[in-house]
Amino acid sequence: MKDGVASRLAPLLTKIMLGEGREAEHELPIRVRAWDGSTAGPSGAPTFVIRHRRALRRLLWKPGEMGLVRAYVAGELDIEGDVFAALDAVQQVMRSGDQPIRLSGDDKRDIVRTAVTLGAVGPEPKPPPEEFTSGRGPGPLTESAAFFARLFGDGLAHGTGQWDQAVDLDEATRAAHRALAERLGLFTGARVLDLNGGWGAFARYAGAEHGARVVALTRTAEQADHLRALAAESGADLQPRGFDLTEAGDGPFDAIVGIAGIEALDRDTARLHELLAPGGRLVLQQPVRRPGPHQIRRTFTTSYMFPEDGELRPLGAIVGELEDAGLEVRAVGALREHHARTLRAWAANLQRHWTHCAELAGTGRARVWLLYLAACALASESGRIGMHEICAIRRDRDGRAGTTLVEGRAVISR
């Protein structure tokens with residue numbers, strides 16, 4: 001049905017999504033199905049289903065990322081078909097954050113007149129309960145182990161996979177663990193600090209395959225309990241501790257690893273230097289943003305995922321902090337494409353197990369996760385955010401790196 005609400009919505013949504021001077025229906029980057037069943041927009045484009053007038057009201061009050069996100073999380077707006085294609089089509093909106101799309105006075109008057117005829121004018125709706133209040137919230141990693149087993153896979157590995165030869169997520173994860181262990185120079189009895197132990201996937205690998213003794217910092221009590229169960233089951237020397245770096249103990253550690261996964265993992269670099277033994281290795285995998293001026297603002301990420309530390313830093317700033325702390329950066333590698341593919345694999349897992357994930361975390365939180373994974377994957381693919389692995393070492397007292405070459409490979413001297 002082409003006549004109806006959707007035909008009146010099309011020019012309004014075009015203005016909201018594209019800004020002043022844009023109103024032709026063919027310019028709308030999406031197809032719209034309104035609550036009365038009518039449709040508008042280019043055939044074959046990703047379809048946004050507006051189920052309730054309240055969704056339009058949210059977009060009128062917040063014509064940008066936050067309006068769109070609130071309507072989607074609340075279930076007032078749905079995405080039909082490929083969520084990646086849909087978000088890619090409205091990427092201008094998804095980049096605008098809490099800054100409104102620029103509209104002229106005439107545009108604003110036209111929008112209000114149309115909204116009045118559609119019965120969509122009224123006070124600003126309250127944000128959905130999944131949105132953090134006053135910049136604070138429980139964080140994104142408080143979902144249960146059962147939820148993350150559906151998202152990450154049965155191994156609960158939260159890091160970026162290595163996809164060079166891998167055909168699925170399990171293979172990519174195993175390849176990533178092998179590569180990490182090699183760069184850390186693990187050996188039997190090595191003392192390892194895992195800065196973001198998560199559900200223990202890499203810690204378990206380091207213990208089982210290399211005989212390492214691992215102290216893993218965990219964010220939640222459930223993660224710590226899960227790691228204790230892993231240790232009891234496997235007999236590995238695996239000690240879960242609190243997430244604060246002061247919980248790590250005094251060291252020294254032969255190797256320190258930080259797998260950021262889906263979020264930035266900022267740590268006190270001077271403390272890392274203290275904890276690392278002379279000749280010991282540090283490997284960090286960290287999402288980064290492009291260098292240059294950066295406006296701190298409210299975004300989907302800070303409102304629904306990471307309330308306090310959602311802003312990424314440039315790669316150079318992280319490398320500089322490590323060097324300033326006395327660590328020598330030995331190598332930096334880009335994992336951006338691998339990270340994007342991993343994010344897509346996690347999103348596919350979430351969609352495959354949607355009913356169960358929605359039962360475990362709530363439908364709103366499941367929607368937040370899908371939106372976040374898809375948005376981050378698209379940002380990684382376009383180069384707007386990156387994922388880098390930084391390898392550093394603490395030199396010994398003579399200023400040496402503490403390595404020798406054995407059969408062409410660098411290994412820790414013992």
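In the predicted model, Arg51 is partly exposed, with a relative accessible area of 49%, whereas Asp78, at 15% relative accessibility, counts as buried. The side chains of Arg51 and Asp78 meet in a salt bridge with an N to O distance of 2.6 Å. Because Arg51 lies in the loop between β3 and α2 (53-61) while Asp78 belongs to strand β4, the pair ties together parts that are 27 residues apart in sequence.

Strand β4 is itself part of an open sheet of 4 strands, arranged in the order β2-β1-β3-β4 with mixed pairing. The edges of this sheet are formed by β2 (39-40) and β4 (77-80), each of which has a single partner strand, so that one side of each is left without a neighbour in the sheet. Strand β1 (residues 31-33) runs antiparallel to β2 and is joined to β2 by 2 bridges, with Arg33 standing opposite Thr39 in β2. Helix α3 (residues 65-73) packs on the sheet, where α3 touches β3 (47-50) and β4, and the direction of the helix makes about 85 degrees with that of β4.

Glu328 lies in strand β10 (residues 327-334) and Arg395 in the loop between β11 (385-394) and β12 (403-406), so the pair ties together parts that are 67 residues apart in sequence. Arg395 counts as partly exposed, at 32% relative accessibility. The count of salt bridges in the model comes to 18.

Glu171, placed in helix α8 (residues 169-184), is partly exposed, with a relative accessible area of 30%. Apart from residues up to four places away in sequence, Glu171 touches Gln165 and Ala166, and the C-alpha atoms of Glu171 and Gly161, 10 residues apart in sequence, are separated by 8.1 Å.

With regard to the protein as a whole, there are 16 helices and 13 strands, and 54% of the 414 residues count as buried. Of the contacts with a separation of 6 or more, 72% are accounted for by residues 24 or more positions apart.

Definitions and conventions: Residues numbered from 1 in each chain as written. Predicted model: local features only at pLDDT ≥ 70, side-chain atom pairs only at ≥ 80, totals over all residues. Heavy atoms only, no water. Pairing = 2+ DSSP bridges. Contact = heavy atoms within 4.5 Å. Axes fitted to C-alpha atoms, helices over the stretch in contact; angles between N-to-C directions. Buried < 20%, exposed > 50% of the residue type's maximum accessible area, 1.4 Å probe, protein only. Salt bridge = Lys/Arg side-chain N within 4 Å of Asp/Glu carboxyl O.
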